[in-house]
Amino acid sequence: MSAPGRRTDRMGHEIRVILAELLVRHVKDPRIGFATVTRVEMTADLHHARVFVSVLGSPEEQDSTIEGLSSAAGFLRHEIGHQLDLRRAPELDFILDHGSEAVERIEKLLQQIHKEEEPEV
């Protein structure tokens with residue numbers, strides 16, 4: 001028997017790969033900007049997937065991208081079910097991932113600290 005959560009992790013990874021490919025090649029919604037699927041979290045019953053998406057741009061562009069992805073969820077769900085040969089494809093909930101923004105902010109703060117610590121000549 002496999003470890004608990006192993007199947008959900010595997011399925012989440014497979015869905016992330018498929019969604020990334022679909023967004024690049026097949027989704028043509030103009031609302032969807034430069035979006036990257038960062039991770040997918042599956043429920044234990046594999047019926048729901050929380051798709052975390054990082055979007056470059058202003059808050060308005062980010063909101064627009066999430067709306068576009070939510071609008072395309074039916075098509076994306078169908079394609080996932082087809083490619084993974086699933087009897088029931090999971091419902092997709094798209095969530096804006098602010099992780100990259102936090103990393104960028106931390107980097108700026110660290111650079112600022114290093115500049116303050118440098119001795120003046």
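Is Asp 97 buried or exposed? In this predicted model, Asp 97 is buried, with a relative accessible area of 15%. The value falls on that side because buried means under 20% relative accessible area. The residue sits in the loop between strand E3 (91-96) and helix H4 (99-117), and its side chain takes part in a salt bridge, described next.

The side chains of Asp 97 and Arg 39 meet in this salt bridge, with an N to O distance of 3.7 Å. Arg 39 belongs to strand E1 (residues 35-42), and the two residues are 58 residues apart, so that the pair links distant parts of the chain. Through salt bridges that share partners, Arg 39, Glu 41, Arg 50 and Asp 97 are joined into one network. Side chains of opposite charge can pair when their charged atoms come close.

The structure holds 6 salt bridges in total. One of them joins Arg 25 and Glu 21, whose closest N and O atoms are 2.3 Å apart. Both residues lie in helix H1 (residues 6-25), where a spacing of 4 residues amounts to about one turn of the helix. Arg 25 is exposed, with a relative accessible area of 52%, whereas Glu 21 counts as partly exposed at 39%.

Leu 110 has its place in helix H4 and counts as partly exposed, at 41% relative accessibility.

Other nonpolar residues are grouped in the interior. In soluble globular proteins, nonpolar side chains tend to be buried together. Here the largest nonpolar core has 26 residues. Those with the most contacts inside this core are Leu 19, Val 51, Val 53, Leu 76, Leu 92 and Phe 94. Two or more residues each are given to the core by H1, E1, strand E2 (48-55), H2, helix H3 (73-84) and E3. The largest share, 6 residues, comes from H1.

Strand E1 contains Ala 35, which is buried, with a relative accessible area of 19%. Ala 35 and Val 55 are 20 residues apart in sequence, yet their C-alpha atoms are 4.5 Å apart in space. A second pair separated along the chain is His 47 and Leu 92. These residues are 45 residues apart in sequence and 9.0 Å apart in space, C-alpha to C-alpha. His 47 has its place in the loop between E1 and E2 and counts as partly exposed, at 25% relative accessibility.

Leu 46 lies in the loop between E1 and E2. At 14% relative accessibility, Leu 46 counts as buried. What is the phi of Leu 46? The angle is near 65°, a positive value in a residue other than glycine. Most residues other than glycine have a negative phi. Asp 85 likewise has a positive phi, of about 55°, although Asp 85 is not a glycine. Asp 85 lies in the loop between H3 and E3. While Leu 46 is buried, Asp 85 counts as exposed, at 70% relative accessibility.

Note on methods: Residues numbered from 1 in each chain as written. Predicted model: local features only at pLDDT ≥ 70, side-chain atom pairs only at ≥ 80, totals over all residues. Heavy atoms only, no water. Salt bridge = Lys/Arg side-chain N within 4 Å of Asp/Glu carboxyl O. Buried < 20%, exposed > 50% of the residue type's maximum accessible area, 1.4 Å probe, protein only. Core = buried A, V, L, I, M, F, W, Y, C linked by side-chain atoms within 4.5 Å.
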